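Welcome! Let us walk through this structure together, one region at a time.

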Amino acid sequence: MRAAPPPLAGGTPGADALRPLLDTVLDALRIGAEERSGPLPAGGPETVAARVEALGAVLPETGTGPHEALRSLVRALAAGAADPAHPLCAAHLHTPPLALAAAADLAASALNPSMDSWDQAPAASALEALVTAALAAEAFPAARHPDALVTTGGTESNQLALLLARERQGTVRTVLGANAHHSFHRAAWLLGLPAPVTVPTPHGVLEPAALAEALAHTEGPVLVAATAGTTDEGLIDPLPELADVCAAHGAELHVDAAYGGPALLSRTHRHLLDGLDRARTVTIDLHKLGWQPAAAGLLAVRDAADLAVLGHTADYLNADDDTEAGLPDLLGRSLRTTRRPDVLKTAVTLRALGRSGLGALVDACITLAQDLADLVEKTPGLDLHARPTLTTVLFRPADADDEAVAEIRRTLLAEGRAVLGRAEANGRLWLKATLLNPHATPGDLAQLITLVEGSAHR
Ligand SMILES: Cc1ncc(COP(=O)(O)O)c(C=O)c1O
C-alpha cells in the first residue's frame, strides 16, 4: 500500500496539521535558545559547523519523520543562532522580529499566495495594493500618485531605483557619497551603467558643497543617491540641501532610507527625514527599523507613472484579454515572478501597533543609543566617535590600536558573549553597536561596556 503523502499546510485541514508541528517547532526554539544562552554560540565557525554536521545525513534514504526533523534542525539552528532578540547581539541592521510579524509570516507560508498573478493571490494582491499605497504616502505626503513596490530589501530597491533612472534618462551616472551602501556599485555594474562617482565623506555625510563640486564635473544625466541612515554610522545626509543642489544641477535624487525610513512613523523623529519627499525614489526597509522578519523591503516612487516601464506580459500570467476583462496585472510590480506575500506581516504589524506603536519602538531604540553614548562618555578609557543620530553608536578603548579593536570584536564572537560590528571613521577602526532591540535595558548596555573593557585588558 502506498503511504499517504504528508499533510498540507493550507485548506481546512491545514490548521490541524500545523498545530502539533508548531508545538514541536516552538519547543525546539525554546530548547535551542536555552542551550545557547547567550547572543551567539561560543567556539567560532569550526565548532558551530561541526555541530551542524553531526546532525547526520542531509538526505537520508529513509526520512526521520516530521517531528524528529523539525526538532533536531530547529533546535540546532536556534542553539547556533546569532539571535538579534538577545540584547547583546547588536552588530548589524539585523532586526529582532516581532512575534506577531513572525506569526503572520507563518500564515503567508501556509497560504503561499504568489504575487505574480491575481489568480494565485486574489486577496493578498489587494492587500499589497493598499499597504504599498499607504506607505508610499508616508514617504511622499504631498505627491498626487505615489506608489511603492515590495522588494527583498535595500539592495533590490537601490537596484530598481537605478533601473528606473536609466529608463527615464538613458545612460545615467550615479553620484554618491563614500558613505553610501555598497549595493549601488553592484547595481551600476549589473545594469551596464558607468561606475558611480564617489564623493568623499570625511564627516560621515554627503556634504552639499562637495556634491555641487562633483556635479559640476560630471557629464550627462545623473542620479544622486543620498543616504538617510548610513550603514556604518547611522547618519542622515542633509536631504533638503542636497535636494537644492540636485535641483540647481538638473540631477535626479534617490534617497536610500533603508535604515532611517521608518522614522517617518515617529512624531518625535520624523523631522530627521525632512526633504525626503523631494526624492524621485526612496528605499525603505522594514526588516531593519521596522522589526519584520526578512524580507520586508520597499521602493517608494513619487509618481506611479515611473513604474510603467516595468510592465511585462507573459500570456499565462497576464494575457491582454484577461487584463482587459478586469483581472489585475501584477507582473509589473516586480522583476521577480514567483513572489512571497511579504506584505502580510507588514500589514498585520501596522494594524496591530498603529503609527504610534511603531513610532514608539523607533523612539525607544533612538533613546537606547543615546543612553549607550552617555555610558561610553562616562567610562574612563573609552572613546565615543560621535553622538548618535539614529541607533548606531561607535566607540573604542582609547588606548587600543585598530588591530586590538578588531581583536576585541573577534574575541567576543568566539566566546559567544556579544555580537558587535566594526566600522571605519576618521581613519580609525571602531566597535559598532546597532541598537534595534526595544527590550534592551540600561543594564544590558552596561554589560556590553563591561565585556568590551574586559576583552580589551587581557
Ligand atoms: C543604507 C543601506 N542601504 C541598503 C542596504 C541593503 O539592504 P538589504 O540587506 O536589505 O538588501 C543596507 C543594509 O544594511 C543599508 O544599510
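Is leucine 307 buried or exposed? Leucine 307 is buried, because its relative accessible area is 8%; buried means under 20% relative accessible area, exposed over 50% and partly exposed in between, with a 1.4 Å probe and protein chains only. Before going on, please keep in mind that this is a predicted model, in which local features need pLDDT of at least 70 and side-chain atom pairs count only at pLDDT 80 or more, while totals for chains, interfaces and linings use all residues. Residues are numbered from 1 along each chain as its sequence is written, and side-chain values use heavy atoms, leaving out hydrogens and water.

You will find leucine 307 in the loop between strand 7 (297-301) and helix 10 (315-318). Helices (H or I, at least four residues) and strands (E, at least two) are DSSP runs, numbered from the N terminus. Leaving aside residues up to four places away in sequence, leucine 307 touches Asp147, Leu149, Leu164, Val301 and Arg333, where contact means heavy atoms within 4.5 Å.

Another buried residue is glutamate 138, with a relative accessible area of 16%. Glutamate 138 belongs to helix 5 (residues 122-139) and touches Leu264, Leu265, Arg270 and Arg355, again not counting residues up to four places away in sequence.

Now turn to the ligand. A polar side-chain atom of threonine 155 lies 2.6 Å from an oxygen atom of the ligand, and a side-chain N or O atom of histidine 287 is 2.8 Å from a ligand oxygen atom.

Finally, look at the open sheet, where four strands are arranged in the order 8-9-11-10 with antiparallel pairing; two strands pair if DSSP finds at least two bridges between them. Strand 8 (382-384) and strand 10 (421-425) each have a single partner strand, so one side of each is left without a neighbour in the sheet. Strand 8 is joined to strand 9 (residues 392-397) by three bridges, and leucine 384 stands opposite phenylalanine 395 in strand 9. Helix 13 (residues 402-414) packs on the sheet, touching strand 9, strand 10 and strand 11 (428-434).

Key: Axes fitted to C-alpha atoms, helices over the stretch in contact; angles between N-to-C directions. Polar contact = N/O pair within 3.5 Å; in protein donor to acceptor, adjacent residues only side chain to side chain.
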